[in-house]
Amino acid sequence: MLAIPVKTSTSTTAEVFPKLKAALATEHAGGPAQQAALDSQLVSLCKLREAAKHAEKRGAGTDAAADEEIVTSLKRYFVSMCHADVAFGASMQDDASLNWTWRDSFKPSLMVHSRNSTFERIATIYNMGAVYSQRAAITERGNLEGVDAARTGFQKAAGVFEYLAAKLAPGLGALGCADAASQSPCDVSPPGLRLAASLMLAQAQACCYEEALKGQGVDAPSVSKLAASAAAMYAQALKAQREAPELAELDPSWARHLNFQEGCFDAAALWWHASALKALQAGNPPVANERKARLRAAAAAC
């Protein structure tokens, strides 16, 4: 199954800290005690940023507990950035000395930057979804427990990307990130987020299908419906990718994979429907003919 790549930042914390400190000092200067308190808050914020950046260093061998810790770090940093935006206002929103720079996860050669810290928060949330998707994609699905864990992970990832898609529906510019919007990012564009969410939902549905097959007493009509739903969701993800000019440079293997999965689940839905008709075809030519037609269609879809 496919996973969404994490975004990586080229803005190091060592670079961000002194610039942020200088920006805040301009509007929030005070006595030594106030300056010491401000420095302490900034140090804590930067430590949270470094912990959140572990998402970018995540390796294939990262275990589930480590991934959970990474997600927790991302959440803590996001919340702290929200508090900082409220506390420090314009100093965090549009300072010429600050540049929050992130590589596009769908097009890593594209480095998108913004002076607005909102872009930093968007990237942080995005990486939560990416980590959820990566953990789900490598989860062993040989038993029901594994299938359930993978499905839950894909559903959580879908929730993150759907949340971002709703927030960014008006575009990055509407959130004060016009400079980032002018660089035409793929991953945090509305089409990119719709693709990510649709893909995660399709893979969660595929897990539902696998769960049904691993259960006791497989019910052919129900399994057919699950497969048909998975096919429809993969088709929706493929449509999202094909109809968006922003995603024209996406790795072509993604479209091939989505198309393949759509065909496989379409064939499975037809086969299971035909299987359900098998017990009804005796002495009933129309049902027998329908069953044969569905089996031929299943073979054609493969």
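**Reading the helix packing**

Author: Helices H8 and H9 cross in a left-handed sense, where left-handed means that the near helix is turned anticlockwise from the far one by less than a right angle, and right-handed that it is turned clockwise. This is a predicted model, in which local features need pLDDT of at least 70 and side-chain atom pairs count only at pLDDT 80 or more, while totals for chains, interfaces and linings use all residues. Residues are numbered from 1 along each chain as its sequence is written, and side-chain values use heavy atoms, with hydrogens and water left out.

Reader: At what angle do H8 and H9 pack, and how far apart are their axes?

Author: Two packed helices are described by the angle between their axes and the distance between the axes. The axes are lines fitted to C-alpha atoms, for helices over the stretch in contact, and the angles run from 0 to 180 degrees between N-to-C directions. Here H8 packs against H9 (residues 220–242) at about 165°, with the axes 8 Å apart, and the two are therefore roughly antiparallel to each other (under 35 degrees is roughly parallel, over 145 roughly antiparallel, 65 to 115 roughly perpendicular and the rest oblique).

Reader: Which residues of H8 and H9 meet?

Author: Contact means heavy atoms within 4.5 Å. From H8 the residues include Leu-195, Leu-199, Ala-202 and Tyr-209, and they meet a set in H9 that includes Val-223, Leu-226, Met-233 and Tyr-234. By class, this contact of H8 with H9 has 17 nonpolar, six polar and no charged residues, where Ala, Val, Leu, Ile, Met, Phe, Trp, Tyr, Cys and Pro count as nonpolar, Asp, Glu, Lys and Arg as charged, and the others, Gly among them, as polar.

Reader: How do H6 and H8 pack, by angle and by distance between their axes?

Author: Helix H6 (residues 144–167) and helix H8 (residues 190–214) pack at about 160°, with 8 Å between their axes, which makes H6 roughly antiparallel to H8. Their crossing is left-handed. Among the residues in contact are Phe-154, Arg-151 and Glu-162 of H6, and Met-200, Glu-211 and Lys-214 of H8; by class, the contact of H6 with H8 has 17 nonpolar, two polar and five charged residues.

Reader: How many helices and strands does the chain have?

Author: Helices (H or I, at least four residues) and strands (E, at least two) are DSSP runs, numbered from the N terminus, and the chain has 11 helices and two strands. Of its 302 residues, 47% count as buried, a term for under 20% relative accessible area, with exposed for over 50% and partly exposed in between (1.4 Å probe, protein chains only).

Reader: Is Thr-124 buried or exposed?

Author: Thr-124, which lies in helix H5 (residues 117–138), has 2% relative accessibility and so counts as buried. Leaving aside neighbours within four places in sequence, Thr-124 is in contact with Leu-74, Tyr-77 and Phe-78. Ser-184, by contrast, is exposed, with a relative accessible area of 51%; this residue sits in the loop between helix H7 (178–181) and H8, and has a positive phi of about 50° although it is not a glycine.

Reader: How many disulfides does a search of the whole structure find?

Author: A disulfide is a pair of cysteine sulfur atoms within 2.5 Å, and a search of the whole structure finds zero. As for individual cysteines, Cys-186 is buried at 8% relative accessible area, whereas Cys-82, at 23%, counts as partly exposed.
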